[in-house]
Amino acid sequence: MGFFDGLRGGRAADFDSGSAATNAIELTRRHQQVSLTKQDAATGHLRINLAWRMRTSDFDQNQRTSLFRHPFKALRPPEVLGHGQSMVNVDLDLGCLYELMDGTKGVVQPLGGYLGDVNAPPYIKLSGDDRFGSASGETMYINLDHREAIKRLLVFVYIYDQTPAFDRTHAIVTLYPSNGPRIEIGLDERHPQARSCAVVMIENVKDELLVRREVKFVYGFQGELDRLYGWGLTWGRGYKTKVER
């Protein structure tokens, strides 16, 4: 079964330089916003990536049991486990609600084939649909050379199939500006019944591009995000074609 249900901090120096260890800015509840304009990163292509993997805590019990039989396993680094369908039936998708300065509104997302255009309105392009959680994840590009045409963008993640599994996957959305450190937003909150999450808002405020952490989980699909943020679009139901792995 598929869907196309209705779709809406600390010291300033921390944001200017990012993390010295990882060259990344992490947006959290305490540090929610960063200015791309002040980072001199409001031009070029802003790349946004969604990646996810299984939470290793799901397997901690089995690992603890095996340590009694194989104590030297404690000396090994933790294994990074995959997240194929054999472990959890989940298909996370990356999408973006957009509103342009001329009043145009719409969505870029895999479902329905709304992949956008990076050189023409809405100046957003989704590279494709990763159904199985590959290492590269899903990637979206935003052409900030046309930032004067952009009013606000809401980047969101939703689960396509019937299995709410945000509590079983560790998902992270990373923004790669044209200049300066990358920006990371982790979806670490446990919402086992949630099917969608508003992750980050990119907004043009008085010619300044602001990136603000949202991380608001909802139990419906895109229509509920639409209502939450007042986009006012009309939604229907859609399905993906079946593919072989």
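Student: Where does E214 lie in this predicted model?

Tutor: E214 belongs to strand β13, which covers residues 208-218.

Student: Why does E214 count as buried?

Tutor: Its relative accessibility is 9%. Buried means under 20%, so E214 at 9% falls on the buried side.

Student: What makes the link between the side chains of E214 and Y229 a polar contact?

Tutor: The two side chains are 2.7 Å apart at this contact. The cut-off for a pair of N or O atoms is 3.5 Å, and 2.7 Å is within it, so the pair qualifies.

Student: Which residues is E214 in contact with, leaving aside neighbours within four places in sequence?

Tutor: They are L154, A198, V199, V200, M201 and Y229. Y229 is also the polar partner of the E214 side chain.

Student: Where is W52, and why is W52 called buried?

Tutor: W52 is part of strand β3, residues 45-54. Its relative accessible area is 5%; the limit for buried is under 20%, so the word applies to W52.

Student: How far from L187 is W52, in sequence and in space?

Tutor: The two are separated by 135 residues along the sequence, while their C-alpha atoms are 9.5 Å apart.

Student: What makes R47 count as lying over the face of Y176?

Tutor: R47 is placed 4.0 Å from the centre of the Y176 ring. The distance limit is 6 Å, and 4.0 Å is within that limit. The rule also asks for a position within 35 degrees of the ring normal. R152 over the face of W231 is another such case, at 3.7 Å from the ring centre.

Student: How many aromatic pairs are there?

Tutor: The count is 1. The ring centres must lie within 6.5 Å for a pair to be counted.

Student: What kind of peptide bond joins P121 to P122, and where is P122?

Tutor: The bond is cis, with omega near 15 degrees. P122 sits in the loop running between β6 (116-117) and β7 (124-126).

Student: Is K206 buried or exposed, and why?

Tutor: Exposed means over 50%, and K206 has 83% relative accessibility, so K206 is exposed. K206 lies in the loop between β12 (196-205) and β13. Its phi is near 55 degrees, again positive in a residue other than glycine.

Student: How confident is the prediction, and where does pLDDT stay under 50?

Tutor: The average pLDDT is 76, and 66% of the residues score at least 70. The score stays under 50 over residues 57-87, where the model has 25 contacts beyond four places in sequence. It also stays under 50 over residues 129-135, with 24 such contacts.

Student: Why does a low score call for caution?

Tutor: Where pLDDT is low, the predicted coordinates should not be read in detail.

Definitions and conventions. Residues are numbered from 1 along each chain as its sequence is written. This is a predicted model: local features need pLDDT of at least 70, side-chain atom pairs count only at pLDDT 80 or more; totals for chains, interfaces and linings use all residues. Side-chain values use heavy atoms; hydrogens and water are left out. Rings of Phe, Tyr and Trp (its six-membered ring) pair if their centres lie within 6.5 Å; planes under 30 degrees apart count as stacked, over 60 as edge-to-face and the rest as tilted. pLDDT is the predictor's confidence in each residue, from 0 to 100. Contact means heavy atoms within 4.5 Å. Helices (H or I, at least four residues) and strands (E, at least two) are DSSP runs, numbered from the N terminus. Buried means under 20% relative accessible area, exposed over 50%, partly exposed in between (1.4 Å probe, protein chains only). A polar contact is a pair of N or O atoms within 3.5 Å; within protein, one must be able to donate a hydrogen and the other to accept it, and residues adjacent in sequence count only if both atoms are side-chain atoms.
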